[in-house]
Number of protein chains: 2
Amino acid sequence: MEFSSKLLEKAVNEMSQLPGIGKRTALRLMLHLLRQPEDQTVQLAKALESMRLDIKFCKSCNNISDKEVCEICANPHRTKEIICVVEDIRDVMAIENTSSFKGLYHVLGGKISPMDGIGPNELNIQPLVEKVKQGIVKELIFALGSTMEGDTTNFYIYRQIQDYNVTTSTIARGISVGNELEYTDEITLGRSIINRIPFEASLKS
Amino acid sequence: MEFSSKLLEKAVNEMSQLPGIGKRTALRLMLHLLRQPEDQTVQLAKALESMRLDIKFCKSCNNISDKEVCEICANPHRTKEIICVVEDIRDVMAIENTSSFKGLYHVLGGKISPMDGIGPNELNIQPLVEKVKQGIVKELIFALGSTMEGDTTNFYIYRQIQDYNVTTSTIARGISVGNELEYTDEITLGRSIINRIPFEASLKS
């Protein structure tokens, strides 16, 4: 692409470094911004910069936060005995949306994935092990995605903490609510039969 | 969506005002930026701001430029007698890529589209009419997209300048090079038969 303006070219190049945004899309976005009031672009630029420079990660759970300790960890009404292990802030937001969990979170920042060069040391695993060692935690809920990387990460953490007095569980895998059997994949369906739950228990959830 | 950080929320909200970017995509982009070095976000923010605040539009053709008069209009080797009428900078870039046009451009900034509230007065049409009135221009090439809006805009401009001594043409419409007939729509195919060109002429292009 040959640009008639270096300023436009620079903006398109920077924008197209974001995942899923190519040069054409970036150019379309820039032309959109040029048609809008200047203020919109200035606000966007300021929001991006102050997010990147001023954002903090909670000292306790590693979730994104504006304070040293995030609101969830600082909430006295939440039990410190159950910790839900998740990959990133999106998972925290998704679970918080369900209003079904009143414990704390622990954000790993990713999953073990040798293909992407992410080993246990790149993740926030050691502080979780330390928390378990302290003995306050009674249960760890593994809530990573149901993928090879998720399972590997669960197992790695399990091996680190299995000698301590802590219960571990993973979120249930099975057919989605509202789904028909015929559209469910074989592995999920097979596992959902093996891991069936008492009918009375299903009435309560 | 409930965010644990106001800074993140603000950045996601600003980003999701761009066309085609929803809140989920914006959040994904922000989490990507947070994993990258700070410098990348700072550069992006600066590039956006300086593009919006410092960019200029060429006084002559209205194309985006860093100077008062763009490089194409300032180039003494290009003829001022032929003007190619286009919608925006993307069209200029596309035609420049073909290296087949050595005249100047005139960027309208859009097409007449009553549905979107865009009338002739919202576009850069009057300066084009003035250029034609001055008598230097010998030919106008309409190179807008082949849509209802494009045709309307072409016709509107044609009516404004038909009394002056200027030739008008539109870029050829027909089947794309490399396309099979069976995949070409009826209207395009029908027109390409009506507007057939001498075979000897087709050998030259």
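This tour moves through a predicted model in a viewer, one selection at a time.

Local features are given where pLDDT is at least 70 and side-chain atom pairs at pLDDT 80 or more, whereas totals for chains, interfaces and linings use all residues. Residues are numbered from 1 along each chain as its sequence is written, chains are lettered from A and ligands numbered from 1 in the order in which they are written, and side-chain values use heavy atoms, with hydrogens and water left out.

**The sheet of chain A**

Select the strands of chain A that form an open sheet of 4 strands, in the order β4-β3-β5-β6 with parallel pairing. Helices (H or I, at least four residues) and strands (E, at least two) are DSSP runs numbered from the N terminus, and two strands pair if DSSP finds at least two bridges between them. At the edges stand β4 (104–107) and β6 (167–170) of chain A; each has a single partner strand, so one side of each is left without a neighbour in the sheet. Neighbouring strands of this sheet are turned against each other by 25° on average, direction ignored. Axes here are lines fitted to C-alpha atoms, for helices over the stretch in contact, and angles run from 0 to 180 degrees between N-to-C directions.

Next, colour strand β3 (residues 82–86) of chain A, which 4 bridges join in parallel to β4(A). Val86(A) can be found opposite Val107(A) in β4(A). Contact means heavy atoms within 4.5 Å. Helix α6 (residues 126–133) of chain A also packs on the sheet, where it touches β3, β4 and β5 (139–142) of chain A, at about 145° to the direction of β4(A).

Continue to β5(A), which runs parallel to β3(A) and is joined to β3(A) by 4 bridges. Show Val85(A), whose bridge partner in β5(A) is Phe142(A). Phe142(A) in turn has Thr170(A) as its bridge partner in β6(A), and β5(A) pairs with β6(A) in the parallel sense over 4 bridges.

**Annotated regions of chain A**

Select residues 81–176 of chain A, where UniProt places the feature "domain: Toprim" in an unreviewed entry. UniProt positions follow the numbering used here, feature names are shortened, and annotations may be inferred rather than shown by experiment. Over residues 81–176 the chain is 33% helix and 18% strand, with the end C-alpha atoms 28 Å apart.

Over residues 58–73 of chain A the chain is 19% helix and 12% strand, and its end C-alpha atoms are 8 Å apart.

**The largest pocket**

Display Met93(A), Glu96(A), Glu2(B), Phe3(B) and Ser4(B), the closest to the centre of the largest pocket among its 24 lining residues. About 630 Å³ of space lies in this pocket. Pockets are found on a 1 Å grid over the protein atoms alone, as open sets of points where a 1.4 Å probe fits, with protein on both sides within 12 Å along at least five of seven lines; lining residues have an atom within 4 Å of a point. The elements giving two or more residues to the lining are α4 (71–74) and α5 of chain A, together with α1 (6–15) and α2 (23–35) of chain B. The most comes from α5(A), with 7 residues.

**The sheet of chain B**

Finally, turn to chain B, where an open sheet of 4 strands has the order β4-β3-β5-β6 with parallel pairing. Strand β3 (residues 82–86) of chain B pairs with β5 (residues 139–142) of chain B in the parallel sense over 4 bridges, and Ile82(B) stands opposite Glu139(B) in β5(B).

Notes:
Points joined across faces, edges and corners; volume = space filled by probe spheres on them.
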